[in-house]
Amino acid sequence: MKNRVFGLALAAAIFALDQWIKGYVSGPLDLQNVGVIEIVSFFDLNWTPNFGVSLGLLTAGTPEMRWALVGVTALIALFVLIWMLREKALADIVALAMVLGGALGNIRDRATFG
């Protein structure tokens, strides 16, 4: 039970970190208007909107598609949550918690921003 509670807390922390980073990039860094911020010669931050899923696949061009993607992502997140709550090994719970936290961040972003 202790590992599962830790997993839920980690998922919440990942979600919070995900939202903070996205807020920082779009707020104080203003990357959307700046376009590119060079960190070092071989690494930079680029603003690239993505209205689909991985690699821009399944672009949500209509409100119906947007909410369909929210629903599919929510179902996947629910599956991951159930899987995480059934796991016993801490390493598996940590991995699933990180996936769950990221999925929750994506659900919030898609519901809020499209």
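## Aromatic pairs and a hairpin

Trp20 is found in helix α1, residues 2-26. Helices (H or I, at least four residues) and strands (E, at least two) are DSSP runs, numbered from the N terminus. The model is predicted, with local features needing pLDDT of at least 70 and side-chain atom pairs counting only at pLDDT 80 or more, while totals for chains, interfaces and linings use all residues. Residues are numbered from 1 along each chain as its sequence is written, and side-chain values use heavy atoms, without hydrogens and water.

The structure holds two aromatic pairs. In one of them, Trp20 and Tyr24 are stacked, because their ring centres are 5.4 Å apart and their planes stand at 10°. Trp20 and Tyr24 lie four residues apart in helix α1, about one turn of the helix. The rings of Phe79 and Trp83 have centres 5.9 Å apart and planes at 55°, so this pair is tilted. Phe79 and Trp83 both lie in helix α3, four residues apart. Rings of Phe, Tyr and Trp (its six-membered ring) pair if their centres lie within 6.5 Å; planes under 30 degrees apart count as stacked, over 60 as edge-to-face and the rest as tilted.

Buried means under 20% relative accessible area, exposed over 50%, and partly exposed in between (1.4 Å probe, protein chains only).

| Residue | Relative accessible area | Class |
|---|---|---|
| Trp20 | 54% | exposed |
| Tyr24 | 38% | partly exposed |
| Phe79 | 52% | exposed |
| Trp83 | 42% | partly exposed |

Strands β1 (residues 36-40) and β2 pair in the antiparallel sense over four bridges; pairing requires at least two DSSP bridges between two strands. Val40 has Phe43 in β2 as its bridge partner.
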